Amino acid sequence: MAMSKNDMMHHKLMMRPELDKVRAALAESPDDPDLWYELGMALSNAGDNEAAIDAFSHGLILAPFDAFLHFGRGRKLNVAGHFWQAIADLTLATRLD
């Protein structure tokens, strides 16, 4: 049975990917924006917010209208105290989805 949209969103927002596995997958497929999202989440879970912002940003280069990448980067920008940029990303994420 396919996941509902809400279940898929919940899964994506709550994922806790392993950093080494995501980096290995990115080495094989560096143009996959979903892997850049996973790297951002893994780095965020490891406490490296600046690197997470960079990962989400790289994913946005590949998929500029990806709501999850904007949401992830917006959350990390907020934590880093970049409130106006965070507001912009979070607003765009809600408008895209």
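Predicted model: local features only at pLDDT ≥ 70, side-chain atom pairs only at ≥ 80, totals over all residues.
**First stop: helices α5 and α6**

Select residues 67–79, which form helix α5, and then residues 83–96, which form helix α6. Two packed helices are described by the angle between their axes and the distance between the axes. For α5 and α6, the angle is about 155° and the axes lie 8 Å apart. Because an angle over 145 degrees counts as roughly antiparallel, α5 and α6 are described as roughly antiparallel to each other. The crossing of α5 and α6 is left-handed.

Keep both helices in view and display the side chains of Arg 73 and Asp 89. Side chains of opposite charge can pair when their charged atoms come close. Arg 73 forms a salt bridge with Asp 89, and their closest N and O atoms are 2.5 Å apart. This pair links distant parts of the chain, since Arg 73 belongs to helix α5 and Asp 89 to helix α6, 16 residues apart. Is Asp 89 buried or exposed? Asp 89 has a relative accessibility of 5% and therefore counts as buried.

How many salt bridges does a search of the whole structure find? The search finds two. Glu 18 forms a salt bridge with Lys 21, with the closest N and O atoms 3.6 Å apart. Glu 18 counts as partly exposed, at 48% relative accessibility, whereas Lys 21 is exposed, with a relative accessible area of 56%.

Switch to a surface display and select Phe 65, Leu 92 and Leu 96. These residues form a nonpolar patch on the surface, and together they have about 290 Å² of accessible area. Leu 92 lies in helix α6, the helix that also holds Asp 89. Leu 92 has a relative accessible area of 34%, so this residue is partly exposed.

**Last stop: His 11 and helix α1**

Finally, select residues 5–14, which make up helix α1, and find His 11 within this helix. His 11 is partly exposed, with a relative accessible area of 48%. How many residues apart along the chain are His 11 and Asp 66? They are 55 residues apart along the chain, and their C-alpha atoms are separated by 16 Å.

Terms used: Residues numbered from 1 in each chain as written. Heavy atoms only, no water. Patch = residues over 30% accessible without salt bridge, like charges linked within 9 Å, V, L, I, M, F, W, Y side chains within 5 Å. Areas by Shrake-Rupley, 256 points an atom, 1.4 Å probe, with all protein chains shown as cover. Salt bridge = Lys/Arg side-chain N within 4 Å of Asp/Glu carboxyl O. Helix = DSSP H or I, 4+ residues; strand = E, 2+ residues; numbered from the N terminus. Buried < 20%, exposed > 50% of the residue type's maximum accessible area, 1.4 Å probe, protein only. Axes fitted to C-alpha atoms, helices over the stretch in contact; angles between N-to-C directions. Parallel < 35°, antiparallel > 145°, perpendicular 65-115°, else oblique. Left-handed = near helix turned anticlockwise from the far one by under 90°.
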